[in-house]
Amino acid sequence: MLLEVQDLKKHFAVRGGGNVRAVDGVSFAVDAGQTFALVGESGCGKTTIARLLLLLEKPTGGAIRFDGQDVSTLDRKGVQGYRRQVQAVFQDPSSSLNPRLKVRMLLAEPLLAHGLGGDRTALQRRLLELLEIVGLPPGALELYPHEFSGGQRQRIAVARALALQPRLIVLDEPTSALDVSIRAQIVNLLADIQRSFGLAYVVIAHDLALVEHFSSAVGVMYLGAMAESGPSEAVFGTPRHPYTQALLGSAPRPDPDHPPAEGLIVGEIGSALAPPSGCRFHPRCPHAMPQCAQQEPVMRPMTGGDAGRAHRAACHLLDEGLAMAGVERVKDFAPTP
Ligand SMILES: Nc1ncnc2c1ncn2[C@@H]1O[C@H](COP(=O)(O)OP(=O)(O)OP(=O)(O)O)[C@@H](O)[C@H]1O
Ligand SMILES: [Mg+2]
């Protein structure tokens, strides 16, 4: 296991008192060379998790382990090593790439900062190699970010992320700011790069169709907590949490052999400042029962297998005791294939 996130929490104190529980006890694991996708509505805490992974925020609680080591225990050198191995690509390359720097400098900067530039010839060779990997011509080195299209700019951002030969890239909505017509090109590029270099990705995405085809495992977040996670084929094929079912039902599904699941998300997502009691989803859940308002459900394995990789969901309808008491109901909304 390359990355292990355990009971991760990030609370932000807000003016006027109170805490925004942006991330409130999230666990997941990412294997080397694999893609883990994080999905969920706006404000559920996805970017905060990305920022925690990139050490841009300090967790309020929980742990991030990389290669088995708790990153909070890393010394200065350890942090530098971690930053080299864990890179980022953000949604909008126009704001993540310094507009005053030519591509040559944008790509050389991370190498020089880590003392890995080598001599002039080695650096030049590496820069050309990076451009080739992302499908840009050598002439791109002498241009500024604004001289490229959005898709090309995102290719530059990917090249920059690859410069230090990382083992993990955190991608926060890498295609959302791009024209629909070129999203697939960037997704294919990312998939090719992953195959060539054995890279792991944590990808945050709104486009569920993209996630389904691109990721090996997925985590569905709701208001700072994980509602369901597991192998993509299990989560997409037999979603068990009512929120996942609603999310899949509301997403456009181009595949007619893959009809939308039952359910519709009604109402507004609650506030991370004062999340609903019990199950955070209960005010919007079509299956809510009295205990859903009282007790927070825990992530429960749906199948056997490795704890980190198992299909899990947090819903009282899936609790064993309730399953016994209300077989009809459980059968109704969580059919087994
Ligand atoms: N620095 C901060 N101070 C206070 N609250 C914050 C801060 N950063 C994020 N939040 C809050 O934390 C919650 C989660 O935000 P986050 O940006 O992680 O969500 P997201 O899932 O990435 O949403 P989106 O899909 O819109 O990008 C939100 O309620 C947000 O307002
Ligand atoms: Mg975000």
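In which helix is the place of Ala50? Ala50 has its place in helix α1, where helices (H or I, at least four residues) and strands (E, at least two) are DSSP runs, numbered from the N terminus.

## Basis of the model

This is a predicted model, in which local features need pLDDT of at least 70 and side-chain atom pairs count only at pLDDT 80 or more, while totals for chains, interfaces and linings use all residues. Residues are numbered from 1 along each chain as its sequence is written, and chains are lettered from A and ligands numbered from 1 in the order in which they are written.

## Ala50 and its surroundings

Ala50 is buried, since 21 other C-beta atoms lie within 10 Å; a residue is called buried if 20 or more other C-beta atoms lie within 10 Å of its own, exposed if 12 or fewer, and partly exposed in between, with C-beta atoms placed from the backbone. Leaving aside neighbours within four places in sequence, Ala50 is in contact with Val170, Asp172 and Ile204, contact being defined by C-beta atoms, placed from the backbone, that lie within 7 Å. Ala50 and Val170 are 120 residues apart in sequence, yet 6.5 Å apart in space, C-alpha to C-alpha.

## The shell around ligand 1

The residues around ligand 1 are Phe12, Val14, Val20, Ala22, Ser42, Gly43, Cys44, Gly45, Lys46, Thr47, Thr48 and Ala272, where a residue counts as near a molecule if its C-beta atom, placed from the backbone, lies within 6 Å of it. Two or more residues of this shell come from each of β2 (19-30) and α1 (46-53), and α1 gives the most, with three residues.

By class, the shell holds six nonpolar, five polar and one charged residues; here Ala, Val, Leu, Ile, Met, Phe, Trp, Tyr, Cys and Pro count as nonpolar, Asp, Glu, Lys and Arg as charged, and the others, Gly among them, as polar.

## The four-stranded sheet

Four strands form an open sheet in the order β2-β1-β4-β5, with antiparallel pairing, and two strands are taken to pair if DSSP finds at least two bridges between them. The edge strands are β2 and β5 (69-70), each of which pairs on one side only. Although β2 lies at an edge, this strand is mostly covered, with nine of its twelve residues buried.

Strand β1 (residues 3-13) and β2 are joined in the antiparallel sense over nine bridges, and among the facing residues Phe12 stands opposite Val20 in β2, while Leu3 has Val30 as its bridge partner. The hairpin of β1 and β2 has five residues between the strands, and in this hairpin Gly16 takes a positive phi near 90°. Strand β4 (residues 61-66) is in turn joined to β5 by two bridges, and Phe66 has Gln69 of β5 as its bridge partner.

## Helix α5

Helix α5 (residues 120-133) has 14 residues and reaches 20 Å from its first C-alpha to its last, close to the 20 Å expected at 1.5 Å a residue, the expected span being 1.5 Å times one less than the number of residues. The buried residues of α5 are Leu127, Leu130 and Leu131. Seen down the axis of α5, these buried residues fall within an arc of 100°, so they line one face of the helix; the arc is that of the directions from the helix axis to the C-beta atoms.

What covers the buried residues of α5 includes α4 (103-113) and α6 (150-162), whereas the face turned away from the buried side carries the exposed residues Thr121, Ala122, Arg125 and Glu132. After α5 comes Gly135, with a positive phi near 75°.

Note on methods
Two residues are in contact if their C-beta atoms, placed from the backbone, lie within 7 Å.
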